[in-house]
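Reader: I should like to learn how to read a pocket and a helix in a structural model. May we work through one example together?

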Amino acid sequence: MSDVVRWAAFSCVLVPVVLVGYGTSLAGAAGSALGLVAVTGVCRLLLRQSERGAARLIEEQGDDRRGRHGRAGPGAHRGGRHAGGSTPED
């Protein structure tokens, strides 16, 4: 996540510099910077919350990571050519 934070900080600095370079007022550039900082903070908070939820879900599942498709159920092929066990030969 540190790469994400670095890019966000870089953007929060770069955007106002570019805006001032293209003639936007300092107040407008500062407002844009504050908006970017607010959005970045909220996104970081949501990302942390999502990571915690994912970690909690993995912890609840335990070591069984097969999921619902990993179990053999009725009608599953168990290595034989036919379910009946014998092959018809003509």
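Reader: By class, how many nonpolar, polar and charged residues does the lining of the largest pocket have?

Author: This is a predicted model, in which local features need pLDDT of at least 70 and side-chain atom pairs count only at pLDDT 80 or more, while totals for chains, interfaces and linings use all residues. Residues are numbered from 1 along each chain as its sequence is written, and side-chain values use heavy atoms, without hydrogens and water. A pocket is an open set of points on a 1 Å grid over the protein atoms alone, where a 1.4 Å probe fits, with protein on both sides within 12 Å along at least five of seven lines; lining residues have an atom within 4 Å of a point. Ala, Val, Leu, Ile, Met, Phe, Trp, Tyr, Cys and Pro count as nonpolar, Asp, Glu, Lys and Arg as charged, and the others, Gly among them, as polar. Here the lining has 9 nonpolar, 2 polar and 1 charged residues.

Reader: Which residues lie nearest the centre of the largest pocket?

Author: Of its 12 lining residues, Val5, Ala8, Thr40, Gly41 and Arg44 lie nearest the centre. Helices are DSSP runs (H or I, at least four residues), numbered from the N terminus. Helix H1 (2-21) and helix H2 (26-61) each give two or more residues to this lining, and H2 gives the most, with 6.

Reader: How far apart are the end C-alpha atoms of H2?

Author: The expected span of a helix is 1.5 Å times one less than its number of residues. The 36 residues of H2 should therefore span 52 Å, and its end C-alpha atoms are 52 Å apart, which agrees. Glycine 62, with a positive phi near 75°, follows H2.
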